[in-house]
Protein chains: 2
Amino acid sequence: MLLFSHMKQSQLFAKTQKNAPKDEVSLNAQLLIRAGFVDKLMAGVYTYLPLGLRVMKKIENIIREEINAIGGQEILMPTLQPKENWQKTGRWDTMDDLYKVKDSSGREMALGPTHEEVIVPLMEKFLNSYKDLPFAVYQFQNKFRMERRAKSGILRGREFMMKDLYSFHLNEKDLDEYYEKAKEAYFKIFQRAGLREITYYTFASGGSFSKYSHEFQIVAPSGEDVIYICQKCKLAINKEIKDKIEKCPECGGSDFKEEKSIEVGNIFKLNNKYTAPFNLGVTDEKGEKKEIIMGCYGIGLGRLMGTIVEIYHDERGIIWPVSVAPFKVHLLDLGQKTEAEKIYQELTNKKVEVLYDDREISAGEKFADADLIGIPWRVVVSKKSLEKGGVEVKERQAGKIEVMEIKKLLEKLEK
Amino acid sequence: MLLFSHMKQSQLFAKTQKNAPKDEVSLNAQLLIRAGFVDKLMAGVYTYLPLGLRVMKKIENIIREEINAIGGQEILMPTLQPKENWQKTGRWDTMDDLYKVKDSSGREMALGPTHEEVIVPLMEKFLNSYKDLPFAVYQFQNKFRMERRAKSGILRGREFMMKDLYSFHLNEKDLDEYYEKAKEAYFKIFQRAGLREITYYTFASGGSFSKYSHEFQIVAPSGEDVIYICQKCKLAINKEIKDKIEKCPECGGSDFKEEKSIEVGNIFKLNNKYTAPFNLGVTDEKGEKKEIIMGCYGIGLGRLMGTIVEIYHDERGIIWPVSVAPFKVHLLDLGQKTEAEKIYQELTNKKVEVLYDDREISAGEKFADADLIGIPWRVVVSKKSLEKGGVEVKERQAGKIEVMEIKKLLEKLEK
């Protein structure tokens with residue numbers, strides 16, 4: 001990741017704000033706008049400012065590592081998609097949140113809300129033999145959905161960054177095996193994003209071809225979804241299908257706890273739903289044509305970022321987990337520029353990601369901004385701290401302040 | 001960059017092809033499609049396959065490093081842009097390659113072909129004082145332009161990845177200084193992409209507010225542009241404005257050479273063209289409102305990639321410069337799997353980017369694919385090479401074959 005690893009706050013154009021826009025009702029967007037991570041262009045459409053883009057890139061890299069680890073090959077498919085492909089799958093007329101656009105010749109196209117209509121015909125060009133299977137491809141790509149109500153900040157955008165993974169298989173057993181691998185990769189991703197403890201693997205409606213799909217639901221008071229968590233095995237059932245299910249499909253338990261939650265990922269066994277319309281197949285060992293089946297696996301990056309904010313904040317601001325924080329250290333100079341600059345240089349040399357508040361404003365304003373922005377380690381250089389032999393170190397999460405020798409600080413943060 | 005640093009070719013789903021689609025007339029897309037770098041979804045709309053995405057990411061990182069070095073702050077703006085902003089600048093009705101889309105309420109939006117209409121109102125929220133200036137922001141973002149003829153492969157897309165940088169200034173002198181910095185950064189980028197020798201800084205029409213804009217034109221027989229290169233100072237003039245200019249605006253020379261060329265970048269002094277409609281200003285030292293002026297600076301990433309292919313190829317395929325090659329080494333196993341696997345492991349351990357052709361196909365097919373894909377170093381492990389004491393090393397560019405001890409090879413490639 002070749003982002004800046006350090007930055008002076010005086011140079012950061014996106015400043016913190018006292019108030020979020022009045023029409024912004026969601027907590028995640030309110031905090032992210034006030035702290036200078038995102039800007040709202042219109043309902044459901046946001047600009048990612050320098051701090052926000054850094055968080056997005058960290059999330060992207062966590063996901064990339066885990067999807068590469070299960071053999072995903074990264075590609076990048078287009079937004080503009082031909083109407084004919086959407087007609088073949090029958091979704092041109094049935095998907096009501098599809099944005100449609102015309103080119104100069106009057107030809108109609110869709111703005112991709114998902115990419116089955118691109119990936120399947122693409123595979124037709126490369127797949128010949130059963131020996132080519134299984135495999136999986138994925139992308140980080142900007143999606144478009146015509147949301148009627150876009151009131152949830154970056155949790156539900158009209159335009160949003162998504163990781164979508166597609167896997168291709170000869171038979172159900174093979175798909176089942178990959179599905180389990182993807183599930184484990186997803187848990188690793190949510191673990192690394194600091195959310196594992198409150199992530200529930202959730203049975204949800206599977207459409208017409210598989211009994212269930214699965215969602216990764218994060219328990220959160222602000223969630224738009226409702227899940228029922230089995231108190232025996234800790235799997236959950238989405239309210240959408242709860243009526244049809246009496247006992248836990250996993251363990252047979254019947255003691256459920258209702259919780260509000262946010263869906264941060266979902267995985268589907270699509271079977272031949274999209275391969276059949278495009279007649280996608282390969283020749284088997286006997287030289288006969290054989291249908292291919294598919295799985296698909298999504299994570300919304302903005303939604304994950306917004307969820308982290310919904311979970312990790314207090315009345316003063318955001319509390320980022322280190323793994324996705326825009327910087328590791330927030331260095332505050334309180335009138336001791338020479339010493340602060342020196343520490344900034346040393347952290348930079350050690351490649352510790354640091355935001356250095358070198359602005360000429362009051363200590364109170366600097367503390368308030370640091371709490372709002374929510375970088376994990378706050379390091380204060382003041383006359384008082386230097387007299388005590390070092391710097392004041394505060395963990396945003398724990399809130400405990402400790403005076404530390406500069407040498408010890410550098411050792412601690414380098415790890 | 002967290003892409004795979006190594007890959008087995010047997011697992012790469014995007015295979016080479018004998019023929020490009022019949023409707024693909026451009027050389028860059030023909031080669032890139034045949035070699036498995038891109039796929040054409042429709043005219044001017046391409047998918048980047050694993051090898052192609054790796055090249056794009058390398059180009060992106062070169063640009064990112066050089067733009068960060070001149071103080072650019074990276075952000076990410078949306079594709080969907082409100083009609084009102086485009087009406088304010090007068091471009092809603094005048095820009096004829098603007099894609100327009102409606103949401104469910106009938107509200108009209110543009111698909112961003114450029115981002116002045118987003119960045120200027122964004123700045124209104126953050127800029128207060130003259131002390132906030134100058135600064136520059138940029139993004140890598142997917143652009144949309146309704147091209148009437150999209151026949152140039154990835155050189156001219158309807159949808160294309162672009163780096164767009166915007167700078168903000170209090171006065172012309174400050175803008176001029178930043179403009180020079182951006183120019184130098186651009187030359188560094190084209191230098192690193194292997195194109196510096198044939199890149200010409202070119203005077204072009206500047207619109208209504210500055211006398212000239214400047215383009216970075218690469219001399220290429222397939223270019224759609226025509227430039228006149230001053231034989232004295234090596235600056236060039238775009239044919240568009242040549243009629244109005246008799247002598248070189250730089251040195252006064254009048255001996256010009258006509259060349260076909262591809263525009264890979266352009267830089268504009270916009271002055272107050274977009275800041276005035278949004279009334280973007282700051283208070284100066286005296287507390288009075290002062291207008292801000294702007295510069296903008298673009299590079300199309302796909303266009304740069306396509307240009308590299310137009311320049312660096314021979315009758316057998318692409319010849320990537322090392323800096324943007326999808327891998328550094330193409331390792332070919334010709335029936336010596338044990339030894340080849342060992343070398344693959346050692347290269348991987350040393351973090352040398354390697355594509356390992358472990359497929360069970362003929363030597364001829366492997367050689368043909370290696371030439372088509374165009375990775376800088378081809379390393380062949382065969383019975384013959386092992387008998388001679390090592391591996392056969394061939395530089396794609398030079399074409400000279402050398403037998404080398406494995407130990408020496410590892411030392412050589414590690415550098």
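In this predicted model, B:Pro134 is placed in the loop that runs between helix H5 (116-126) and strand E8 (135-144) of chain B. The peptide bond that joins B:Leu133 to B:Pro134 is cis, with omega of about -5°. Chain A has a cis peptide bond between A:Leu133 and A:Pro134, where omega is about -10°, and A:Pro134 lies in the loop between H5 and E8 of chain A.

The relation between the two chains may be considered next. The contact draws 46 residues from chain A and 46 residues from chain B. On the side of chain A that touches chain B, the elements that each supply at least two residues include strand E2 (38-42), helix H2 (50-69), helix H5 (116-126) and strand E8 (135-144) of chain A. H2(A) gives the largest share of that side, namely six residues. Sorted by class, the side of chain A that touches chain B comprises 29 nonpolar, seven polar and 10 charged residues.

Apart from residues up to four places away in sequence, B:Leu331 touches B:Ala340, B:Ile343, B:Tyr344, B:Leu347, B:Val354, B:Tyr356, B:Asp357 and B:Val379. In soluble globular proteins, nonpolar side chains tend to be buried together. Helix H8 (residues 301-311) of chain B is mostly covered, with 11 of its 11 residues buried; among them are B:Leu301, B:Arg303, B:Glu310 and B:Ile311.

Chain B also contains an open sheet of six strands in the order E1-E21-E20-E22-E23-E24, with mixed pairing. Strand E1 (6-8) and strand E24 (401-404) of chain B are the edge strands; each has a single partner strand, so one side of each lacks a neighbour in the sheet. From one strand to the next, the twist averages 20°. Strand E20 (residues 329-334) and strand E21 (residues 354-357) of chain B pair in the parallel sense over four bridges, and B:Leu332 has B:Asp357 in E21(B) as its bridge partner. Helix H9 (residues 337-349) of chain B packs on this sheet and touches E1, E20, E21, strand E22 (377-382) and strand E23 (391-395) of chain B; the direction of H9 makes about 165° with that of E20(B). Helix H10 (residues 363-373) of chain B likewise packs on the sheet, touching E20, E21 and E22 of chain B, and its direction makes about 175° with that of E20(B).

Several individual residues remain to be described. A:Lys351, in the loop between helix H9 (337-349) and strand E21 (354-357) of chain A, has a positive phi of about 60° although it is not a glycine. A:Lys351 counts as exposed because it has 10 C-beta neighbours inside 10 Å. B:Asn279, also not a glycine, has a positive phi of about 55° and lies in the loop between strand E14 (256-271) and strand E15 (281-283) of chain B. With 11 C-beta neighbours inside 10 Å, B:Asn279 therefore counts as exposed.

How values were computed
Residues are numbered from 1 along each chain as its sequence is written. Chains are lettered from A and ligands numbered from 1 in the order in which they are written. This is a predicted model: local features need pLDDT of at least 70, side-chain atom pairs count only at pLDDT 80 or more; totals for chains, interfaces and linings use all residues. Two residues are in contact if their C-beta atoms, placed from the backbone, lie within 7 Å. Two strands pair if DSSP finds at least two bridges between them. Axes are lines fitted to C-alpha atoms, for helices over the stretch in contact, and angles run from 0 to 180 degrees between N-to-C directions. Ala, Val, Leu, Ile, Met, Phe, Trp, Tyr, Cys and Pro count as nonpolar, Asp, Glu, Lys and Arg as charged, and the others, Gly among them, as polar. A residue is buried if 20 or more other C-beta atoms lie within 10 Å of its own, exposed if 12 or fewer, and partly exposed in between; C-beta atoms are placed from the backbone.
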